[in-house]
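Please have a look at the structure before I go on.

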Amino acid sequence: PPVITGSDEEDDSDASTKPIRSGKKKNPASLFQTGGDPPKEKKAKKKTPPKAADSEEETPETPQKNSNRKGKGKKSKKVKEERPPSPVIEVDNLEEFVLRPAPQGVTVKCRVTRDKKGMDRGLYPTYYLHLDNDKKVFLLAGRKRKKSKTSNYLISVDPTDLSRGGDNFIGKLRSNLMGTKFTVFDNGANPDRANSDWSNVRQELSAVVYETNVLGFKGPRKMTVIIPGMNSDNERVPIRPRNDNDGLLMRWQNRNMDNVIELHNKAPVWNDETQSYVLNFHGRVTHASVKNFQIVHGSDPDYIVMQFGRVADDAFTMDYNYPLCAVQAFAIALSSFDGKLACE
């Protein structure tokens with residue numbers, strides 16, 4: 001059966017002929033703009049310089065190839081210089097930072113570690129998100145709640161406090177009974193506890209749908225990611241459903257896509273030589289895994305909104321770009337760990 005790898009190996013002819021995001025490409029920010037007031041002129045002025053941070057990151061001086069076939073000897077010596085670190089990012093106020101969209105033109109590079117040690121960590125590991133830079137700044141922790149009918153992960157800004165009641169609770173990820181659809185909420189109130197103007201009610205930050213794989217588990221998984229659109233000030237349009245029929249998933253199912261953006265994982269390409277499916281992660285992923293993925297917008301598959309992939313048994317890189325924030329990206333990554341039929 002094919003191995004799904006996160007290999008950096010790509011068809012050479014392809015890599016050399018494809019320009020790295022030429023200047024003519026439209027500003028990626030426009031892909032995500034849906035709501036608020038759409039005065040065109042204002043939008044044109046707000047453009048950030050075209051993807052400066054990206055271009056330097058997408059063009060490694062030497063094309064790096066890791067043909068991640070299973071059982072491919074030790075790579076540890078090379079790994080260090082292969083993983084470009086995150087640009088300098090100021091995390092002044094953690095709570096604000098993790099909900100704020102990535103700055104345009106900057107890829108926020110993070111690392112997810114999974115801790116399975118301790119009594120029930122095997123069943124309920126804790127996941128930690130840090131910036132992938134020298135300081136290894138802590139951003140978020142996540143853990144599956146016990147005694148929950150569906151998979152339910154709490155996301156906290158304190159690595160030691162993963163409780164629902166505490167001040168550190170910043171968001172949660174909840175699955176449907178089948179474990180194929182997930183919704184990401186911020187830390188607002190349940191609609192049952194709404195105040196009169198509804199301003200305290202939780203926002204839905206994202207939803208993830210895994211298509212069950214008809215081929216059994218041999219082929220790549222298919223993911224759809226649904227996020228709120230951005231307004232003309234490049235802020236997330238708040239989506240505060242009043243009930244379960246008004247959430248991102250229902251809007252998406254009913255194709256009611258006002259202020260909603262649909263993204264997908266980029267389909268890996270079958271490589272005959274390695275007999276595996278491959279995607280180019282530009283040196284950020286070193287281990288083959290079905291969990292490696294990249295999320296893109298259908299109109300611009302070269303703009304990677306988020307990528308996630310394994311670099312060691314319990315370590316993964318997670319990189320995200322505008323318009324995602326850390327909570328959205330981390331929750332999408334957590335959904336990919338969940339063990340129901342959607343996943344392996």
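R202 lies over the face of F185, 4.1 Å from the ring centre. A charge counts as sitting over a ring if NZ of Lys or CZ of Arg is within 6 Å of the ring centre and within 35 degrees of the ring normal. R242 does this too: its charged end sits over the ring of W198, 4.1 Å from the centre.

Two notes on sources. This is a predicted model, where local features need pLDDT of at least 70, side-chain atom pairs count only at pLDDT 80 or more, and totals for chains, interfaces and linings use all residues. Residues are numbered from 1 along each chain as its sequence is written, and side-chain values use heavy atoms, with hydrogens and water left out.

Now the strands, which are DSSP runs of E, at least two residues, numbered from the N terminus. Strands pair if DSSP finds at least two bridges between them. Strand β8, residues 181-186, is joined to β9 by five bridges, antiparallel, and K181 stands opposite V209. On to β10, residues 222-228: five bridges join β9 to this strand, also antiparallel, and E211 has K222 as its bridge partner. How many of the eight residues of β9 are buried? Seven, where buried means under 20% relative accessible area with a 1.4 Å probe, protein chains only.

Last, aromatic pairs, meaning rings of Phe, Tyr and Trp (its six-membered ring) with centres within 6.5 Å. The whole structure has nine. In one of them, F32 and Y303 have ring centres 6.1 Å apart and planes at 50°, so the pair is tilted, that is, neither under 30 degrees (stacked) nor over 60 (edge-to-face). F32 is buried at 0%, and Y303 at 2%.

Technical notes
Buried < 20%, exposed > 50% of the residue type's maximum accessible area, 1.4 Å probe, protein only. Helix = DSSP H or I, 4+ residues; strand = E, 2+ residues; numbered from the N terminus.
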